[in-house]
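Have a look at it first, then read on.

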Amino acid sequence: MDFGSINPVLLIAALMLASTPILLAALGELIVEKSGVLNLGVEGMMIVGAISGFIVAVETGSPALGFVAAAIGATIMALIFGVLTQLLLSNQVATGLGLTLFGLGVSALMGQSYVGIRPPASPRLTFFGLSEVPVIGPIAFNQHAMVYVSLALVVAIWWYLKRTRSGLILRAVGESHDAAHALGYSVLKTRFAAIAFGGACAGLGGAFLSLVIVPQWTEGMTAGRGWIALAIVVFASWRPWRVLLGAYLFGGVTVLQLNLQAAGIAIPVELLSMSPYLITILVLVLISSDKRRAAANAPASLGRSFHASA
Amino acid sequence: MSAPLLELRGLRKAYPGVVANDDVGFTVGRGEVHALLGENGAGKSTLVKMVYGLVRPDAGEMRFGGESYTPGSPHEARQTGIAMVFQHFSLFEALDVAENVALGMENPPPMRELAARIREVSETYGLPLDPARLVGDLSAGERQRVEIIRCLLQDPKLLIMDEPTSVLTPQEVDILFETLRKLQAEGTSILYISHKLEEIRTLCDGATILRLGKVVGSCDPREKSARELAEMMVGSELNPPAPQAHDLGEVMLEVNALTVPPASAFGTELRDISLQVRAGEVLGIGGVAGNGQDELLAVLSGEVPVENDKLRFKGEPIGATGPNPRRAKGLLTAPEERLGHAAAPDMSLIENAALSGWVRMGMVKSGFINWSKARAHAEHVIKDFDVRTPGPGNAARALSGGNLQKFVIGREILQKPEVLVVNQPTWGVDASAAAAIRQALLDLAAEGAAVIAISQDLDELMEISTRFAALNEGRLSAPRDAAGLTIDEIGLMLGGAHGMEVAHIHEEAAP
């Protein structure tokens with residue numbers, strides 16, 4: 001065993017990188033669920049985002065265009081879900097599961113001729129001398145742009161839900177769509193916007209995986225991250241800061257256990273591999289153990305179909 | 001200023017299979033309190049939804065303040081100067097009072113300013129309210145204050161109130177009326193929907209009566225008796241339930257010093273409840289919702305087991321037995337919540353009849369259901385209680401609230417219970433059907449059964465009760481003979497105005 005080979009600074013920098021896809025997807029799903037919609041298709045939207053972004057980045061040579069395409073591709077997936085559940089009133093759970101299966105399939109089809117190709121590199125940002133500062137530099141000033149975007153999104157969503165009128169309407173729609181409708185707010189518009197936003201976020205998360213972290217295309221490369229994002233939203237009691245905590249915890253334990261495996265620690269690899277899941281869920285369950293407060297923050301109309309009856 | 005504030009002409013709205021409103025027209029003058037009367041399904045709600053911009057009329061014309069008025073959404077209605085207090089509260093439980101108010105306003109000020117204005121207006125009108133509290137923690141009366149204040153903050157010219165008093169104690173109703181008169185004096189018009197005719201007689205200047213979507217008359221309610229108004233609504237003569245004199249028998253059900261802790265964070269604790277009910281009597285239990293009614297019913301039905309000897313049926317301890325053994329003995333219950341508690345929403349009426357009736361009606365033999373017996377029972381209920389439905393195979397969900405209520409009450413009564421406990425037996429049921437249900441309860445008592453009727457409708461309890469007791473914060477008052485009780489006395493038994501008088505009498509309040 002050689003713990004000395006684990007550098008805490010690099011570990012933190014790496015965990016921020018590894019957590020970003022989950023954080024992005026979870027933040028999108030947070031908004032979707034706050035509007036009262038349960039979209040279980042996060043995994044499917046992520047992987048469609050991953051391949052859409054990958055294809056466009058490879059064909060154009062521009063990672064930035066790749067991220068745009070990822071957001072668009074996953075949003076299309078989300079809108080399919082939206083039309084089915086909001087207009088045709090299909091069951092949200094079944095439709096979400098279907099969306100995941102569909103996404104896994106369609107992404108495999110789209111990616112057939114892209115296996116084994118390297119995408120154009122998306123460099124980390126550097127901030128003049130700041131990036132060279134020991135400890136702080138690699139962590140805070142030498143990350144990929146999307147890492148900063150995801151962190152800004154945490155603040156923006158928190159602010160949006162807490163302080164803006166539009167955020168209040170979103171919460172109201174998720175809390176009681178009947179009451180919101182009676183007051184004249186469009187439940188459908190609000191939910192469609194939320195669903196599309198959730199799709200775009202999941203797509204960005206997927207593309208971050210295929211363009212930055214891995215970076216290449218393999219079938220099923222999201223490997224359950226969409227599901228973790230879903231779980232994090234619930235266990236974080238629909239609070240953006242706790243979503244950040246949950247995502248970084250998961251990413252952190254993932255990176256740490258990989259380091260420990262590399263260091264040859266005498267714990268079975270299987271246990272190490274399951275540890276991120278166990279620890280993340282455990283911590284978030286403990287945080288949200290105050291049932292009453294958690295219940296008060298849960299959108300009361302979550303997963304219920306809305307039909308404006310006159 | 002001679003033009004009326006709101007003028008409706010020839011309004012029509014049809015839904016597939018139903019004409020909700022047909023050629024409806026009336027006017028509301030400035031500063032007038034106008035009542036809209038009618039039974040369930042008469043089209044009152046559709047009509048006010050058209051005025052509030054939630055539903056577009058198929059034909060007809062609305063004028064507001066002399067100008068043509070065609071609201072496309074509630075936003076436009078609010079901008080025009082129309083505010084509405086909804087029958088089923090349009091509130092968000094997980095949001096606080098200020099946020100709820102903000103959602104009902106077109107251009108809410110910043111939150112801090114809004115909180116100050118909520119305090120100010122609530123003091124002015126004697127409706128104390130803390131803007132920072134979560135609506136989920138408020139009582140029904142307080143929730144309604146939120147709705148009213150939300151409307152008042154917009155200085156409406158017309159205030160629509162859809163059955164605002166159904167959840168208030170008599171004292172709270174008095175205070176509400178004072179607020180409304182204050183508004184009227186300031187020149188606000190009020191369109192008031194209620195089925196409580198006495199209230200309309202004391203409050204309103206004019207009334208329009210709807211039946212089956214059409215205007216069937218208008219009158220000055222102050223010049224009519226409640227009975228005349230009711231008959232205009234129903235379109236036929238009303239037979240108020242008539243209790244028959246009969247002797248009381250032995251004690252059928254007895255509760256001894258029962259204390260039950262609340263089942264959930266939002267539940268009510270039952271404290272030291274004792275009661276006795278005799279064969280042949282109707283014990284009325286009044287109280288505002290949320291004071292332990294549901295908990296009491298759950299204990300009596302057997303959903304919540306208690307110590308065995310706390311509850312005695314004909315002297316035999318039954319506190320720990322479940323609902324089905326109690327049914328077998330003859331103790332039946334009909335809970336308040338029709339969909340989901342009294343009836344399974346997506347199951348047919350036959351199945352719903354079988355679910356509660358199989359024990360006493362012999363519908364099950366060695367584990368197999370005799371469906372023809374279940375169907376016969378359901379059809380019997382439908383016929384005897386005038387349940388309007390295409391047939392017993394229809395899902396419970398498809399019935400209107402009043403019709404389903406008739407079904408779930410009838411289902412129990414036809415099982416010939418020895419003790420029947422009902423919670424809110426006529427909630428949301430129109431006048432003639434309510435009279436029929438009350439008559440059935442009285443007949444049941446006359447045949448020698450004991451009936452416990454839990455209700456918020458005090459007029460109803462006065463009509464059917466032999467004795468009356470009040471349930472307040474989980475405590476049951478000592479029962480008193482119902483004959484001779486006044487509404488004021490009952491109001492005090494119910495705990496008075498729940499703090500609503502604070503703003504009015506705090507000078508005198510100090511002892």
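Predicted model: local features only at pLDDT ≥ 70, side-chain atom pairs only at ≥ 80, totals over all residues.

Residues are numbered from 1 along each chain as its sequence is written, chains are lettered from A and ligands numbered from 1 in the order in which they are written, and side-chain values use heavy atoms, with hydrogens and water left out.

**Domains of chain B**

Chain B splits into domain 1 (6-234), domain 2 (249-330 + 418-498) and domain 3 (339-416); these bounds come from an automatic or database domain assignment. The C-alpha centres of domain 1 and domain 2 of chain B are 33 Å apart. Where the two meet, 14 residues of domain 1 of chain B are in contact with 17 residues of domain 2 of chain B, contact being heavy atoms within 4.5 Å.

Together, domain 1 and domain 2 of chain B bury about 1300 Å², with carbon and sulfur atoms giving 56% of that. Buried area here is the accessible area (1.4 Å probe) that two parts lose on being put together, summed over both. B:Asn40, B:Pro170 and B:Gln171 supply 35% of what domain 1 of chain B buries against domain 2 of chain B, more than any other three residues.

How many salt bridges are there between domain 1 and domain 2 of chain B? The count is 0, a salt bridge being a side-chain nitrogen of Lys or Arg within 4 Å of a carboxyl oxygen of Asp or Glu. Helices (H or I, at least four residues) and strands (E, at least two) are DSSP runs, numbered from the N terminus.

**Where chain A meets chain B**

Now for the two chains: 17 residues of chain A are in contact with 27 residues of chain B. The area buried between chain A and chain B is about 1700 Å², and carbon and sulfur atoms give 65% of it. There is 1 salt bridge between chain A and chain B: the side chains of B:Glu99 and A:Arg171 meet at 2.9 Å, N to O. On the chain A side, helix H7 (165-175), helix H8 (177-182) and helix H13 (291-297) each supply at least two residues. H7(A) has the largest share, 6 residues.

**Salt bridges inside chain B**

Side chains of opposite charge can pair when their charged atoms come close. Over all chains, the whole structure holds 26 salt bridges. Here are some from chain B.

| Pair | N to O distance |
|---|---|
| B:Glu61 and B:Arg9 | 3.3 Å |
| B:Asp58 and B:Lys13 | 3.6 Å |
| B:Asp22 and B:Lys214 | 4.0 Å |

B:Glu61 sits in strand S4 (residues 59-64) of chain B and B:Arg9 in strand S1 (residues 6-15) of chain B, so this pair ties together parts that are 52 residues apart in sequence. B:Glu7, B:Arg9, B:Glu61 and B:Arg63 are linked in a network of salt bridges. In the next pair, B:Lys13 is buried at 13% relative accessible area, whereas B:Asp58 is partly exposed at 47%. The cut-offs (1.4 Å probe, protein chains only) are under 20% for buried, over 50% for exposed, and partly exposed in between. B:Asp22 and B:Lys214 are 192 residues apart, in strand S2 (residues 18-28) and strand S10 (residues 214-219) of chain B.

**A few single residues**

B:Thr46 is found in helix H1 (residues 44-51) of chain B and is buried, at 12% relative accessible area. Not counting residues up to four places away in sequence, B:Thr46 touches B:Lys13, B:Tyr15, B:Ala20 and B:Asn21.

B:Asn403 belongs to helix H13 (residues 401-413) of chain B and is buried as well, at 11% relative accessibility. A polar atom of the B:Asn403 side chain lies 3.0 Å from the backbone nitrogen of B:Arg388.

Most residues other than glycine have a negative phi. B:Asp155, not a glycine, has a positive phi of about 45°; B:Asp155 lies in the loop between helix H5 (140-152) and strand S7 (158-162) of chain B and is exposed, at 63% relative accessibility.

Key. Polar contact = N/O pair within 3.5 Å; in protein donor to acceptor, adjacent residues only side chain to side chain.
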